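I open this entry to record what I looked up in the structure shown below.

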Amino acid sequence: MKTGKLVLGIVAATVLFTFGCRKKDLAPSSPPINVIVKVSYDNSGGTYTFPLTGINVKVTNQMNSTVLEKQTDGTGLAIYNGISSGSYNIEASITIPKAQYETITGLPLATDNITFNATKANLVLNTTTNNTIELVLEFGVIGDWVIKQIYYAGSHTTNGASFRDQFIEVYNNSNKVLYADSLYFAQLFGSNTVSPNQTTGQYINDGGLLQNQWDWSKSFGASADAATKYVYARTIFRIPGNGTTYPVQPGTSIILAGTAVNHKAPYTNAVGVSTPINDPSLTVNLSAANFEFYLRDAIPNPLDSDVDNPSVPNLVVVDRIVNRDLILDNPGREAIVIFKTKANVATEYKRLATPNYTTATDTVGKDRYLQIPNSVVIDAVQIQPPLATNRVPRRLVASLDAGAYNVPVGQYSSQSMIRKTSSTIGTRKVLRDTNNSTEDFDYFDRANPGGFK
Amino acid sequence: MIRTRFCYLLLTLAGMFNSRWLQAQDTASANAVFAEQFHRRYDFFAGGIATQPLTGISNYMTLNAGYRQTGGAYRQAQEAPRQRDLSFFTEGMRRTGKYLVSGSFVYTHTLQDSVSYTLRYGLTNPQPYYFFAYRKGNWQVGQYRLQGSVSRAFLREKLHAGLSVKYNTINAWRSNDPRPEQFSYNMHIDAGLLYRFLPKHAAGVSGSIIRTNTENTVEYRNKDYQMSLAFPEYVTRIQYGYGFEDRISTAPLKSNTTGYGWQAVYKGSFAFGEVAVKGGYTSLESKIEGAATALLPTGKYGEFYEDSWNAALYWDYQRQRNRFSLLAEYTNHLGRDFNQFLQANNYVYSFEQLRLQPLFTHIKDNKPRYELGLDLRLSDLFRADGNAGTLADYLQAQAGVSAAWFAHFPGRQLLKTTIAAAYRQSIDPLYTSPVQQSVFISSVIAHDYYYFSADTWRADLSLLYSIPVKKVNAFIRLQAGYEKATIPAGTVQAAALPGDQRWYWQAGAGVSL
């Protein structure tokens with residue numbers, strides 16, 4: 001009997017001891033973090049008092065794809081408590097109506113509103129990092145011309161046209177006739193190394209939007225603002241004309257085709273080799289494109305795939321390094337700009353080699369890239385691969401493009417990036433242009449020259 | 001190579017329990033092996049090398065093959081909605097002179113349908129680092145478990161020294177994109193001593209070393225699924241805890257585990273019966289590595305440290321035709337990781353259980369007539385991910401009753417009918433919902449909150465028919481079970497709720513001595 005009581009007592013004590021206080025003492029030592037985003041305006045253009053309240057701040061956890069959005073308070077702060085450590089993209093934006101902008105600045109505004117953006121990408125935040133993030137809103141470049149559609153992915157390599165059918169569509173987003181004459185198109189050069197050797201000092205390492213990109217200010221002969229006030233071109237093309245040769249009506253666009261043929265039909269290359277198209281629905285008819293990239297007359301080693309459509313005017317080849325045709329990087333490691341300038345680009349713009357060539361002697365015989373001032377850029381788009389793990393250092397600062405976009409299925413998918421329609425005035429569609437490609441673009445499942453979304 | 005090794009070991013086992021041994025008749029009555037009392041005692045003592053000489057059974061062997069099917073929507077989010085298992089099992093014990101040899105071998109081939117949110121086989125594996133994808137897929141799993149123990153008596157049966165080896169492997173793969181393949185092996189070597197310091201009292205200790213290696217790879221037949229965000233359900237991700245995750249390439253994930261443990265046992269015979277107490281500790285350290293990522297450039301993801309304590313008491317008492325036993329077991333399993341990205345402990349796992357199983361058997365003419373049992377459990381499952389901000393603590397109490405009736409027919413035929421019922425009550429489930437609700441959190445963790453918070457009823461029925469065939473007892477066994485859950489209403493936002501029913505049935509046949 002005594003033994004029975006003893007056993008019962010031991011059991012009861014064990015139960016109470018074991019389960020009585022649950023597991024509150026087992027908390028992990030790595031708690032979630034608190035992040036404070038502090039937003040201000042870039043005052044380099046003037047000390048205006050733009051509103052600090054109501055700035056939309058979007059925090060995207062790249063590891064689990066969760067997105068948190070908040071509006072700033074009256075001091076420009078947005079506070080996120082209890083979020084996970086990880087790799088983050090943080091964006092801030094505010095759109096100010098024309099009347100408010102003109103009241104604040106006293107300056108006339110040609111558009112209905114203006115958007116300020118700021119972005120920091122790939123920020124690693126954890127319990128050991130400084131989690132007060134300062135974002136400086138920059139006035140974005142808003143132009144009459146916008147890049148409307150980019151078909152960089154190409155179509156199926158055997159059933160479609162591979163990357164021969166790539167094209168760019170540029171749109172007159174204004175309410176007046178524009179002339180395409182002397183409009184430049186450039187593909188930008190940059191480092192694609194995701195984790196460069198930062199000990200060399202040749203790469204940007206400020207945790208900002210250009211993190212891990214070449215630090216062009218370290219290039220031989222570069223100015224201190226070479227990385228932030230310029231972009232670097234690997235190809236530059238110009239629309240020909242005398243200034244009024246190619247009028248473009250409001251709400252219409254021009255197509256710049258890599259090869260201006262009907263890609264839905266069997267294709268014959270420059271040396272007469274024919275390739276069938278097994279599934280015409282995968283590709284596009286570019287025979288009616290407005291302009292064509294044709295380099296056969298401009299370079300000594302053209303590609304056999306680069307054929308000319310005599311009825312479509314060719315773009316002027318201003319400069320090109322390596323590329324032998326319009327070949328947009330179809331995994332998506334690309335950035336493009338359109339710009340206008342009265343300068344003679346090929347002779348008046350400076351050229352820089354990458355920063356790993358540190359002396360004049362080093363740069364001899366090396367690729368040197370034309371330096372395009374951000375100030376002449378009308379529109380710019382940063383493209384990235386679909387998977388975060390494959391994304392490369394950006395080539396555009398926030399004032400040119402605060403975001404980035406990719407077609408979801410990626411290369412050879414027949415998908416194209418298409419700028420969203422913001423509003424329709426009469427029959428004219430006004431496309432969304434907040435200077436943030438993440439927000440401004442959607443995609444077509446099949447590229448659709450001239451289409452809207 | 002591995003399979004060849006297994007075949008060799010299987011043949012060795014079969015040889016150990018050969019027909020010559022089957023002639024030995026110093027076991028309990030032939031039908032006693034179908035009584036729960038027998039298995040309870042065998043499992044308690046034969047499982048450890050220090051306790052093996054205390055089993056009190058000289059010759060025993062069973063061999064059976066079976067098929068089991070499980071289904072129903074009351075399941076955890078990472079559990080298979082439907083599962084089929086084909087298994088072969090044999091175990092036995094034999095005394096040869098001063099040597100006592102025991103062992104077991106199990107092979108199970110499992111087919112699982114539509115398993116989602118995990119690319120790892122092993123639902124109850126506490127280790128937090130594993131690949132997952134949202135996409136459902138069908139698994140095929142082959143598992144081998146081999147255990148062999150040998151002990152020798154010294155000093156006129158006063159001292160026993162023994163060695164035991166356990167070797168388990170799992171080879172699991174999925175036949176849909178993403179296609180993981182997992183291979184893991186586990187080896188557990190024990191050495192033990194048992195000393196009978198008084199005629200009716202013995203104590204022993206054993207020590208063990210443990211090695212486990214697991215490698216998991218993921219491949220795609222359709223590469224578009226691998227790279228594209230248009231199909232997010234196919235993208236391979238890695239789980240670092242209980243909600244802390246990242247997207248990742250399909251590089252292998254390797255886990256190397258080393259560990260050690262010890263067990264101590266005491267057994268004494270008293271007027272009120274036979275009492276055995278045992279307890280022990282196991283320590284495991286796992287290192288998890290994979291390909292270098294942007295956040296983890298060294299490819300070292302983390303470590304996982306586990307401490308397991310266990311204690312058990314077994315009381316066995318026979319008075320005339322009635323036999324009583326009580327099995328009380330306590331386990332405490334605590335795991336903590338060290339996450340290399342966070343440079344801190346991020347994940348905590350704890351499972352604690354206390355289980356009491358009194359059992360009464362009525363015996364007549366040296367044959368079991370009926371058995372009545374209780375099964376009382378109190379368990380607590382705790383998981384927390386500091387970085388994700390998730391915390392779940394599920395305390396559950398279960399009470400079950402079982403009754404078995406043995407009908408003996410001429411010619412030593414036996415029909416055993418067992419019915420059992422159990423009720424499980426969830427007690428004040430705790431769940432902390434994080435600020436950031438990822439798909440994994442809403443689809444797995446929140447879903448499982450409702451699973452573990454449910455109160456359930458279950459009923460089981462088992463029929464066993466045995467008939468002597470030559471010198472062994474051949475048997476067939478049919479079993480079925482049904483569980484009905486009451487899913488609570490709650491404010492936790494889950495992508496989906498578990499269903500309210502789960503069932504299984506199984507059929508098997510074999511021989512026993």
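Which residues of the largest nonpolar core touch the most other members? I found that L256(A), V337(A) and I372(A) do, in a core of 111 residues. Before going further, I note that the model is predicted: local features need pLDDT of at least 70, side-chain atom pairs count only at pLDDT 80 or more, and totals for chains, interfaces and linings use all residues. Residues are numbered from 1 along each chain as its sequence is written, while chains are lettered from A and ligands numbered from 1 in the order in which they are written.

**Core.** I took a nonpolar core as a set of buried Ala, Val, Leu, Ile, Met, Phe, Trp, Tyr and Cys residues joined through C-beta atoms within 7 Å. A residue is buried if 20 or more other C-beta atoms lie within 10 Å of its own, exposed if 12 or fewer, and partly exposed in between, with C-beta atoms placed from the backbone. Strand 12 (residues 230–238) of chain A gives this core its largest share, six residues. Helices (H or I, at least four residues) and strands (E, at least two) are DSSP runs, numbered from the N terminus. I also noted another core, of 46 residues, lying apart from the largest one; V235(B) and Y450(B) are among its members.

**Chain A overall.** I counted five helices and 26 strands in chain A. Of its 453 residues, 46% are buried.

**Sheet.** I traced an open sheet of seven strands in chain A, in the order 3-2-5-6-7-1-4, with mixed pairing; two strands pair if DSSP finds at least two bridges between them. Strand 3 (67–71) and strand 4 (77–83) of chain A stand at the edges with a single partner strand each, so one side of each has no neighbour in the sheet. Strand 6 (residues 113–125) and strand 7 (residues 132–139) of chain A pair in the antiparallel sense over two bridges. N117(A) has E138(A), in strand 7 of chain A, as its bridge partner.

**Chain contact.** How many residues of chain A are in contact with chain B? I found 38, facing 41 residues of chain B; contact requires C-beta atoms, placed from the backbone, to lie within 7 Å. Helix 1 of chain A supplies the largest share of the chain A side, six residues. Helix 1 (2–19) and strand 4 of chain A each supply at least two residues there.

Technical notes
Two residues are in contact if their C-beta atoms, placed from the backbone, lie within 7 Å.
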